Amino acid sequence: METESAGPHEPVLTADWDPRSEAVLSDQIAAFDQMRSRCPVARSQYGYASVFRHGDVLRVLLDHETFSSAVSRFPSVPNGMDPPEHTEFRRIIDPYFSPARVAEFEPHCRRIASDLVAMMPNDAEVDWMEDFAQVFALQVQCAFLGWPSSLHEPLRQWTRKNHHATLARDDAAMGAVAMEFDGYIKDLLAIRRAAGNNAPDDATTRLLRETVHGRLLTEEEIVSILRNWTVGELATISASVGILTHYLATHETLQQTLRRQPALLPAAIDEVLRIHPPLIMNRRIATRDADIGGTLIAQGERLALLWASANRDEKVFGDPDEFRLDRDPALNLLYGAGIHVCPGAPLARAELRIVLEELLTSTRIIALGKRQAPVKAFYPGSGYSQLPIAIKR
């Protein structure tokens, strides 16, 4: 989008952009497609400049010196850090998602997925988000972290409260929700400290033994790490399961192909989630003046990197809705890029592959329900808030 200069650090955009208007929230992806076609960057009243195009988003991701991740008012380990601090914490975190750790967890994940699929009624409509996707996300995340099943329902309710507080931009509510979640984690840490050598050998206990800069992680750092893993995982995995199931239900030929050729699942999953991203955006802040697509970004200005737009950029992918298994995986920004690429991507990919393997091998047909239409999720979520699905075994 063209700009007019109103001063050395005050570029003025020639078009308005309200990312939380009713028109945008009713169909976020369609709205982003329209903006991307005519506007590389657009400011809004919420204090962010939205970046729509793939090349611009990738440039920001790869230039962490100009575009810092230290955006949040609250500590965020390691998401809200830049090198060298970020590097030290990623050294600790990345091994938790190593191929060996993910492979070790796969049987637990498969048991959860298999049990949940078996619980779904035959040839009867269910709300897939409420009855399956959210339950799967909660159970696999708690299992990976070593958390008890008694936390499943509290965390489900917490996720809803967090979503509503974020949407309402209610600082008091967001603070209360954050304190509630931190309380769950601190209780879990206290139990493990009290158990000493008898504490379970799980991811949560192992964090208590990690060191950075020659010292043990502080409780605040552990809480932040676990908050990032849990909040991000619960939202994106449940959204991804809903998006993938909807896509299969509306593309029967692909559904049958993947039953016959399950080896295609990893590429198919990434491609479906490129078409309909489970994440809307991520944030950065400019450390110095920069130019993005002809728009001056001033030092201190905040950016919203719209994954849900960049991964549908026609200049990179052609028809953004065309499903293709031969795309260059390096172009897909589903898990980000650069030093902040999602450390949990290997785990997420394994969980999504396994749940679809179990779903496809246990069913003949996955179909949309007929009593009501799916309801799309709205900011800050993506995917579906309600998704009627019927399976036939």
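**Close-up views of a predicted model**

View 1. The largest cavity has a volume of about 50 Å³. The model is predicted, with local features requiring pLDDT of at least 70, side-chain atom pairs counted only at pLDDT 80 or more, and totals for chains, interfaces and linings using all residues. Residues are numbered from 1 along each chain as its sequence is written, and side-chain values use heavy atoms, with hydrogens and water left out. On a 1 Å grid over the protein atoms alone, a cavity is a set of points where a 1.4 Å probe fits but cannot get out, and lining residues have an atom within 4 Å of a point. Points are joined across faces, edges and corners, and a volume is the space filled by probe spheres set on them. The whole structure contains 1 cavity of 30 Å³ or more. Its lining consists of Leu244, Tyr247, Leu248, Leu254, Leu258, Leu265, Ala268, Ile269, Val272 and Leu356. Two or more lining residues come from each of α10, α11 (252-260) and α12 (265-275), and α12 gives the largest share, 4 residues. Helices (H or I, at least four residues) and strands (E, at least two) are DSSP runs numbered from the N terminus. The lining comprises 10 nonpolar, no polar and no charged residues, where Ala, Val, Leu, Ile, Met, Phe, Trp, Tyr, Cys and Pro count as nonpolar, Asp, Glu, Lys and Arg as charged, and the others, Gly among them, as polar.

**View 2. The second largest pocket.** A pocket is an open set of points with protein on both sides within 12 Å along at least five of seven lines. The second largest pocket holds about 350 Å³ of space. Of its 21 lining residues, Ile29, Ile275, His276, Lys376 and Tyr384 lie nearest the centre. At least two lining residues are supplied by each of α1 (22-26), α2 (28-38) and α10 (219-249). By class, 9 are nonpolar, 8 polar and 4 charged.

**View 3. An open sheet of 3 strands.** The strand order is β6-β16-β13, with antiparallel pairing. β6 (126-127) and β13 (365-368) are at the edges with a single partner strand each, so one side of each lacks a neighbour in the sheet. Strands pair if DSSP finds at least two bridges between them; β13 and β16 (residues 388-392) are joined in the antiparallel sense over 4 bridges. Ile365 is opposite Lys392 in β16.

**View 4. The crossing of α6 and α15.** The axes of α6 (residues 128-145) and α15 (residues 345-361) come within 12 Å and cross at roughly 130°. Axes are lines fitted to C-alpha atoms over the stretch in contact, with angles from 0 to 180 degrees between N-to-C directions. The two helices are therefore oblique to each other, as angles under 35 degrees count as roughly parallel, over 145 as roughly antiparallel, 65 to 115 as roughly perpendicular and the rest as oblique.
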